[in-house]
Amino acid sequence: MAFGQMRTVSGCMEAYLDNSATTRPCEAAISAMTDCMREGFYNPSSVYRPAVEAMRQVRDVRQKLLAALHGQEGDAVFTSGGTEANNLAILGSVERMRGRQLVAVSAVEHPSVMEAFRRLEKSGHEVRVLGVNQQGELDYEALERALQDGASLVSCMQVNNETGALLDAERLYRVVNGRALIHVDGVQGFLRVPFDMKWADLYTLSGHKIHGPKGIGALVLKAGVRLSPRQIGGGQEGNLRSGTENTPGIAGLGAAIGALTENGFAWRDALMEKKLRLIDLCRERVPEVCVNGPDPCHAAPHIVNLRFPGVRGEVMLHALEAEGVYVSTGSACSSKKLKVSGVLTAMGIAPNVAEWALRFSLSPNTTMEEIEYAAEAVGKCYNLLKRFQRR
């Protein structure tokens, strides 16, 4: 079955619209990983010919990754995923600095970033949390105050994982103006939204968000950025991430990058068209529906956060699940905690209203048939559930 086609589950259709949680690996990634495990299984740190060839393949993927970000003068460290990459970027950079630091982070970051900053705070560093407006845009006045007070690191995500709000990376770069290191969490943005490493010092990404495998990610560094390793041992990855390289994962990541870039990026426009179509169809069936966050036309092409008044998101989620439509209430890393989204409340949305939210996230392989089926299911489920809302 071709990827992206509609499937049936227990007699009903299926529409997978939770691609911000994970994506289905593309055939190119699966093939590359299989070939690597069958034929290229050698340890790239060994010195005989097949092992040297394995190391060459690792270097090729590293160069492909840097080229995708126009960062040929920098370096890339392969990690186990976005969480490790974020930890290495944040904790590793501050550890190389002398003394107590002032660091700044936006209020709507992923837990892998926020928890790293909490660790810094517990270690005695000062953390400034920068607010956002209702569109998810950074408070640049607060950022400027932090910089004037001596902030040495600023961390913001390229694309918000819950609302699709976009970082104005060029503006961030101009405001910081060399006074601090800039870390951009690109896990939800890499390839789906253009980015250039000239706007950041550190950039993180994850393979399974772009149709590659789980268990592989990377931290891209601008030339001259210094880090302390979080994982020590044999000195692989330039002494920044010891451990035998995950060569099948790296091969899969490289193949996924190739699959998304080989024919240009026209699919981004098609992805935006599908997202806007989903919103329009949901509004036709549920006139009460509202968008949380930025104008969908000025947000990432693959994420939209909708709220359904009077119906809790987790209730709506399970009703849609019964129809074969898979969405989420927010970050997959915290969804099981069943708490109100900190991202939405940071944007000024009242907790009782934030409870009505659902995130729909698409991929280049999402079909219009899936969009139409999902919207139909949304209307069916909401119009049934709203009868039972509290008065």
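**Close-up 1. Right-handed crossing of helices α1 and α7 in a predicted model.** The crossing of α1 and α7 is right-handed, a term used where the near helix is turned clockwise from the far one by less than a right angle. Helix α1 covers residues 27-38 and helix α7 residues 247-261; they pack at an angle of about 150°, and their axes are 8 Å apart. Helix α1 is therefore roughly antiparallel to α7 (angles over 145 degrees count as such). Axes are lines fitted to C-alpha atoms over the stretch in contact, with angles from 0 to 180 degrees between N-to-C directions. From α1, the contact (heavy atoms within 4.5 Å) involves Ala 28, Ala 29, Ala 32, Met 33, Cys 36 and Met 37. Thr 247, Pro 248, Gly 249, Ala 251, Gly 252 and Ala 255 contribute from α7. Nine of these residues are nonpolar, three polar and none charged (nonpolar: Ala, Val, Leu, Ile, Met, Phe, Trp, Tyr, Cys and Pro; charged: Asp, Glu, Lys and Arg; polar: the others, Gly among them).

The model is predicted: local features need pLDDT of at least 70, side-chain atom pairs count only at pLDDT 80 or more, and totals for chains, interfaces and linings use all residues. Residues are numbered from 1 along each chain as its sequence is written, and side-chain values use heavy atoms, with hydrogens and water left out.

**Close-up 2. Gly 313 in helix α9.** Gly 313 lies in α9, residues 313-322 (helices are DSSP runs of H or I with at least four residues, strands runs of E with at least two, numbered from the N terminus). Gly 313 is buried at 2% relative accessibility (buried: under 20% relative accessible area; exposed: over 50%; partly exposed: in between; 1.4 Å probe, protein chains only). Leaving aside neighbours within four places in sequence, Gly 313 contacts Thr 329, Glu 355, Trp 356, Ala 357 and Leu 358.

Close-up 3. Most residues other than glycine have a negative phi. Asn 177 has a positive phi near 50° and sits in the loop between α6 (169-176) and β7 (181-185). Asn 177 is exposed, at 60% relative accessibility. His 211 has a positive phi near 70°; its loop joins β8 (202-206) and β9 (217-221). His 211 is buried, with a relative accessible area of 4%.

Notes
Parallel < 35°, antiparallel > 145°, perpendicular 65-115°, else oblique.
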